[in-house]
Structure formats: structure tokens, C-alpha cells
Amino acid sequence: MTDSEIEVTADLVHELLQEQHPDLAELPMREVAGGWDNQQWRLGDELAVRMPRTERAPDLQRKERRWLPVLAPRLPLPVPDPVRLGEPSERFPKPWTVMTWVPGEPLDSTSINRVDHATDTLAGFLRALHVEAPAEAPISSDRGAHLSKYTDDFHHVLDAVALGGIADDVQAVWDDAVAAPEREGPPVWVHGDLHPANVIISDGTLAGVIDFGDMFAGDPAWDLAAAWVILPSGAAARFFDVYAHADEATIRRAQGLAALKSLILMLIGQNGDRGIPGGKPTWGPAGRAALDRVLRGAQL
């Protein structure tokens with residue numbers, strides 16, 4: 001998945017800053033763990049440099065540059081805000097971005113212990129995000145539609161993950177979600193990629209949301225799956241009460257998507273255990289815990 005034509009090093013990032021944003025070039029800098037699409041360097045205490053490392057990453061950064069300044073002011077949690085733009089150059093032929101740093105730790109390296117507070121905070125954040133999107137808002141080619149379009153993807157992941165005796169139960173959750181009616185009404189803003197590595201925790205509760213590269217206009221159920229994927233066991237009912245805008249069909253679709261997302265986390269963890277590039281061993285247990293919550297919540 002990575003484009004290895006140019007190795008992104010601290011020296012290269014420093015040179016790019018000297019060329020284009022010299023007032024930032026002397027800030028202390030260190031590499032931090034990032035996702036597949038971007039390599040990230042923390043810059044001082046308040047900023048981060050995001051360097052694209054996949055073919056799709058530049059378009060994702062352009063999307064964040066365009067829309068995060070529109071969304072951020074009305075969201076009740078900190079999100080990364082682009083503050084400086086890095087232009088393609090001879091040293092690095094792709095756009096790159098300096099963004100605000102969201103303090104805290106990603107959920108895949110810590111835990112939530114103030115459950116009610118985190119539940120209410122996530123519900124309030126998504127309620128604020130899920131407003132009607134403008135006609136020019138981005139749409140997604142690989143997510144956002146009704147679940148019936150992703151049944152082949154679901155079966156591929158289901159077959160790849162060893163589930164033992166619970167595979168039929170997981171299939172039943174998916175089948176019920178696929179049978180739920182499609183969403184009616186205009187598309188709303190959707191984060192599109194809520195999982196433990198993209199939510200920030202501080203003092204035991206939700207303190208920020210990051211990585212909006214997959215944002216799109218579509219069905220909010222794609223985010224509402226976070227009721228099981230992000231929150232601890234038993235929090236989903238309270239979450240939907242506070243969110244207050246999800247009908248039964250939306251909750252069913254969200255639960256099916258939570259099953260799919262949990263399986264993907266498990267598969268990424270499985271790949272990590274096998275030493276496959278891009279795998280993350282810690283994601284396996286997180287995915288299995290989320291899947292258990294999905295199955296326990298089948299009668300929500």
C-alpha cells in the first residue's frame with residue numbers, strides 16, 4: 001500500500017519546512033505512529049506534519065484541507081485543523097500539510113474508564129457532525145452506501161478471520177442489517193473511519209477525533225457503528241438515547257457495520273501476528289472485544 005519511491009526522514013521534513021515554512025523549521029520534531037496513508041511527525045507541542053505515503057493520500061489531504069476548516073468550528077471536540085500547506089517540490093513531489101495536534105492518546109493504546117462521559121461526548125460529537133452536507137461535499141467510492149452493496153466484502157473478511165462457533169451469529173447480525181431499509185433523507189456529513197486509532201482519549205474519556213481523510217456525505221450509520229466499536233460494553237443503549245436521531249433501521253444498519261468493522265480490526269490484528277506489512281497485533285483483541293459487544297447488543 002505504500003509508495004516507497006521517496007523515503008520520508010526527519011531530515012527531509014526539516015528541509016521542506018526550511019524551504020516553505022522557515023518559521024516552523026526549528027521546532028523540535030519527532031516521528032509518531034501513523035496510519036497507512038500518512039506518515040506523521042509531531043512538530044513542537046501544538047502541530048503535526050502529515051506526509052503522504054500512499055497513492056490516495058494526497059487526495060485525502062486535499063479533502064481535509066478543504067473541509068476541516070468548515071466543520072471544525074461547530075464540532076464540540078478538538079479535531080486536526082490544517083494551518084500550513086506544503087506544496088509539491090523537487091524534494092517531495094506531493095502536497096503535505098501542517099495540522100494542529102490533538103493532545104491525548106489514541107484509544108488503541110489506552111482505555112476509556114469514564115464510560116458515561118465518553119458515551120455522552122461521542123453522541124454529542126456525532127450529532128453535531130451529522131448535519132446535511134452541501135451538494136459539493138465528497139462522496140465515497142468504497143463506503144457510505146446501503147450494506148447490501150458490501151456483502152461480498154463482509155463474506156471475504158468473515159472467511160479470513162477464525163471465529164469458531166460464533167460465525168453464524170455474526171452472519172445473522174449482518175443479514176438483519178442488510179434487511180433494514182435504506183436511509184431516507186439527504187446525505188449528512190460522516191467521518192467514515194471511526195475506530196480505536198482515530199479517537200483520542202484523555203483523563204479516561206473522549207478528548208478528540210482525528211483522521212478525516214475518508215469523510216463523505218452519506219448514511220450516518222457508518223459512524224454510529226462506533227457505539228460498539230469505540231465504546232465499552234453496555235454503553236450502546238445510552239449512546240443512542242443521547243444521540244436521539246437514529247431510528248430502528250439506522251441502528252440495525254449501524255450494528256451490521258460494527259460487525260464488519262470489528263472483523264476488519266481482527267483481520268488487521270491477525271496480519272500483525274503473522275508479520276504481514278500493515279498488520280497491527282494490538283488491533284486483534286480490540287476487534288474481538290468489539291465483536292463481542294455487537295453480539296451481546298443484538299437485542300438493543
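Colleague: How does α5 pass α10, in a left-handed or a right-handed crossing?
Modeller: Keep in mind that this is a predicted model. Where α5 passes α10, the crossing is left-handed.

Colleague: Which residues make that contact?
Modeller: On the α5 side you'll find Asp-169, Val-170 and Val-173. By class, the contact holds five nonpolar residues, no polar ones and one charged one. Over on α10, the residues are Leu-291, Val-294 and Leu-295.

Colleague: Are α5 and α10 roughly parallel or roughly perpendicular to each other?
Modeller: Helix α5 spans residues 167-179 and helix α10 spans residues 283-296, with their axes 10 Å apart. They pack at an angle of about 65°, and angles of 65 to 115 degrees count as roughly perpendicular. So α5 and α10 are roughly perpendicular.

Colleague: Now for Thr-121: is it buried or exposed?
Modeller: Thr-121 sits in helix α3, residues 115-129. Its relative accessibility is 17%, and the cut-off for buried is under 20%. Thr-121 therefore counts as buried.

Colleague: What does Thr-121 touch, leaving out residues up to four places away in sequence?
Modeller: The buried residues of α3, with Thr-121 among them, pack against several elements, including β9 (205-209). For Thr-121 itself, the residues touched are Leu-77, Thr-205 and Leu-206.

Colleague: And how far does α3 reach from its first C-alpha to its last?
Modeller: Helix α3 has 15 residues, and at 1.5 Å a residue the expected reach is 21 Å. The model comes close to that, with a reach of 21 Å.

Methods
Residues are numbered from 1 along each chain as its sequence is written. This is a predicted model: local features need pLDDT of at least 70, side-chain atom pairs count only at pLDDT 80 or more; totals for chains, interfaces and linings use all residues. Side-chain values use heavy atoms; hydrogens and water are left out. Axes are lines fitted to C-alpha atoms, for helices over the stretch in contact, and angles run from 0 to 180 degrees between N-to-C directions. Helices (H or I, at least four residues) and strands (E, at least two) are DSSP runs, numbered from the N terminus. Angles under 35 degrees count as roughly parallel, over 145 as roughly antiparallel, 65 to 115 as roughly perpendicular and the rest as oblique. A crossing is left-handed if the near helix is turned anticlockwise from the far one by less than a right angle, and right-handed if clockwise. Contact means heavy atoms within 4.5 Å. Ala, Val, Leu, Ile, Met, Phe, Trp, Tyr, Cys and Pro count as nonpolar, Asp, Glu, Lys and Arg as charged, and the others, Gly among them, as polar. Buried means under 20% relative accessible area, exposed over 50%, partly exposed in between (1.4 Å probe, protein chains only). The expected span of a helix is 1.5 Å times one less than its number of residues.
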